[in-house]
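Visitor: Can you walk me through this one? I'd like to start with a single helix and then zoom out.

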Amino acid sequence: EAVGDEVDVGVDFHGRVSKPMAKRLVTALEPYEPMFVEEPVLPEHNDALPEIARRTSIPIATGERLYSRWDFKSVFEQGVVDLIQPDLSHAGGITEVTKIASMAEAYDVAVAPHCPLGPIALASCIQVDACSPNVLIQEQSLDIHYNETSDVLDYLADPEVFDYEDGYVDIPDGPGLGIEIDEEYVKRQSEEPVDWHNPVWTHDDGSVAEW
């Protein structure tokens with residue numbers, strides 16, 4: 001109701017619910033026709049994806065926590081995932097993710113590279129997107145909630161390279177990845193303390209929850 005028919009909405013479970021709850025949720029979401037449901041279970045439980053897929057026509061996405069062609073191979077062979085989300089920073093960079101995208105194409109699986117990261121990762125993703133015909137969308141983290149103290153564009157000498165219009169961005173065509181890093185800003189940021197630990201979430205009963 002908030003965005004009408006002009007915006008597609010994906011629902012990210014982030015593996016936070018149990019397999020029984022995931023089965024119920026995908027059924028409950030069916031009338032709302034989301035673009036996809038993401039990580040209905042943790043990657044350690046990907047063997048449950050066929051059972052979940054049988055309960056819904058909603059496309060299923062996963063893969064941000066899979067790290068090689070061989071991790072994705074078993075997902076493709078299941079035949080139930082419609083969208084994979086490899087992260088270039090974790091899954092071997094431009095070359096490896098291009099190979100993963102080519103494997104996905106053979107299985108008629110779309111690609112949406114995972115990228116809630118900085119400008120170098122985003123520029124790398126866009127290069128993969130440009131040469132992979134089965135890329136559907138590109139995640140990016142401009143103005144996202146966890147960038148409140150430092151946004152993606154702050155690291156660029158020319159932030160206009162990532163000017164989006166109607167949901168699209170041009171392929172950077174400068175040298176290398178097409179971006180120039182503001183090295184002075186990077187130096188200043190490197191002096192700031194960073195907590196690299198994942199947040200710890202708990203259930204109401206005090207047990208540890210998937211963050």
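Guide: On α4, the face turned away from the buried side carries the exposed residues Thr95 and Ala106. Exposed means over 50% relative accessible area, buried under 20%, and partly exposed in between (1.4 Å probe, protein chains only). This is a predicted model: local features need pLDDT of at least 70, side-chain atom pairs count only at pLDDT 80 or more, and totals for chains, interfaces and linings use all residues. Residues are numbered from 1 along each chain as its sequence is written, and side-chain values use heavy atoms, with hydrogens and water left out.

Visitor: Which residues of α4 are buried?

Guide: Gly93, Glu96, Val97, Ile100, Ala101 and Ala104. Seen down the axis of α4, they fall within an arc of 140°, so they line one face of the helix. The arc is that of the directions from the helix axis to the C-beta atoms.

Visitor: What do the buried residues of α4 pack against?

Guide: They pack against α3 (69–78), β4 (83–84), β5 (110–111) and α5 (119–130). Contact means heavy atoms within 4.5 Å. Helices (H or I, at least four residues) and strands (E, at least two) are DSSP runs, numbered from the N terminus.

Visitor: What happens just after α4?

Guide: Asp108 takes a positive phi of about 55°.

Visitor: Switch to α3. Which residues are buried there?

Guide: Phe72, Val75 and Phe76. Down the axis of α3, these buried residues fall within an arc of 100°, so they line one face of the helix. The face of α3 turned away from its buried side carries exposed Trp70 and Glu77.

Visitor: What covers the buried residues of α3?

Guide: The cover includes β3 (60–62), β4 and α4. Just after α3, Gly79 takes a positive phi of about 75°.

Visitor: Now the whole chain. How many helices and strands?

Guide: Six helices and seven strands. From the N terminus on, the order is β-α-β-α-β-α-β-α-β-α-α-β-β.

Visitor: How much of the protein chain is buried?

Guide: Buried residues make up 39% of the 211 residues.

Visitor: And what does the C-alpha trace span along its principal axes?

Guide: About 50 × 45 × 40 Å.

Visitor: What about contacts between residues at least 6 apart in sequence?

Guide: Among those, 61% join residues at least 24 apart.
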